[in-house]
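Subject: Structure handover

Hello,

Here is the structure I said I would pass on. My notes follow below it; please read them with the model open.

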Amino acid sequence: MGCSIRQGDVLAPTVFCLFIDDLINEFKSLNCRIDMEGVDISILVFAYDIALVASDMKKLQEMIYTLKHWRSR
């Protein structure tokens with residue numbers, strides 16, 4: 001039996017960060033990053049939103065496949 005936290009709950013951002021940390025590490029291992037003024041970026045996460053960033057369509061597709069596989073676990 002699963003449990004949930006209401007959106008807007010003070011614990012929601014912390015739980016989201018713990019939950020999404022595994023996905024972020026998977027994206028880091030793909031080496032699909034782009035350099036933006038000395039900072040390597042592959043994923044931007046804010047609140048409940050995720051933006052994937054890649055230098056070409058092939059890498060972006062690999063990231064989307066990884067997200068789909070990760071989500072289905």
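**Overall layout**

The protein has two helices and four strands, where helices (H or I, at least four residues) and strands (E, at least two) are DSSP runs numbered from the N terminus. Along the sequence they follow the pattern α-β-β-β-β-α. This is a predicted model, in which local features need pLDDT of at least 70 and side-chain atom pairs count only at pLDDT 80 or more, while totals for chains, interfaces and linings use all residues. Residues are numbered from 1 along each chain as its sequence is written, and side-chain values use heavy atoms, with hydrogens and water left out.

Taken along the principal axes, the C-alpha atoms fill a box of roughly 40 × 30 × 15 Å. The accessible surface comes to about 6,000 Å², and 58% of that belongs to carbon and sulfur atoms; areas come from the Shrake-Rupley method with a 1.4 Å probe, and for residues only the protein chains shown count as cover. Of the 73 residues, 21% are buried. Buried means under 20% relative accessible area, exposed means over 50%, and partly exposed is in between (1.4 Å probe, protein chains only).

Among contacts (heavy atoms within 4.5 Å) with a separation of 6 or more, 42% are between residues 24 or more positions apart. The protein has 8 positive and 10 negative charges, and their mean positions are 7 Å apart. Lys and Arg count as positive and Asp and Glu as negative, with His and the chain ends not counted; the place of a charge is NZ of Lys, CZ of Arg, CG of Asp or CD of Glu.

Ser4 sits in the segment before helix 1. Ser4 counts as exposed because its relative accessible area is 70%. Its C-alpha atom is 29 Å from that of Ser29, 25 residues away along the chain.

Ile5, Val10, Leu11 and Val15 make a nonpolar surface patch of about 360 Å². Patches take residues with over 30% relative accessible area and no salt bridge, joining like charges within 9 Å and nonpolar side chains (Val, Leu, Ile, Met, Phe, Trp, Tyr) within 5 Å. A salt bridge here is a side-chain nitrogen of Lys or Arg within 4 Å of a carboxyl oxygen of Asp or Glu. Val15 belongs to helix 1 (residues 12-30) and is partly exposed, at 38% relative accessibility.

**Strands and loops**

Glu37 is in the loop between strand 1 (34-36) and strand 2. Its phi is near 55°, a positive value in a residue other than glycine, and at 83% relative accessibility Glu37 is exposed.

Ser42 lies in the loop between strand 2 (39-41) and strand 3 (43-46). With a relative accessible area of 6%, Ser42 is buried. Beyond residues up to four places away in sequence, Ser42 touches Phe27, Cys32, Arg33, Ala51, Leu52, Val53 and Met63.

Ile43 is part of strand 3 and is also buried, at 13%. Setting aside neighbours within four places, Ile43 contacts Ile24, Phe27, Ile50, Ala51 and Leu52.

Ser55 is in the loop between strand 4 (49-52) and helix 2 (57-71), and at 49% it is partly exposed. The C-alpha atoms of Ser55 and Cys32, 23 residues apart along the chain, are separated by 7.3 Å.

Regards
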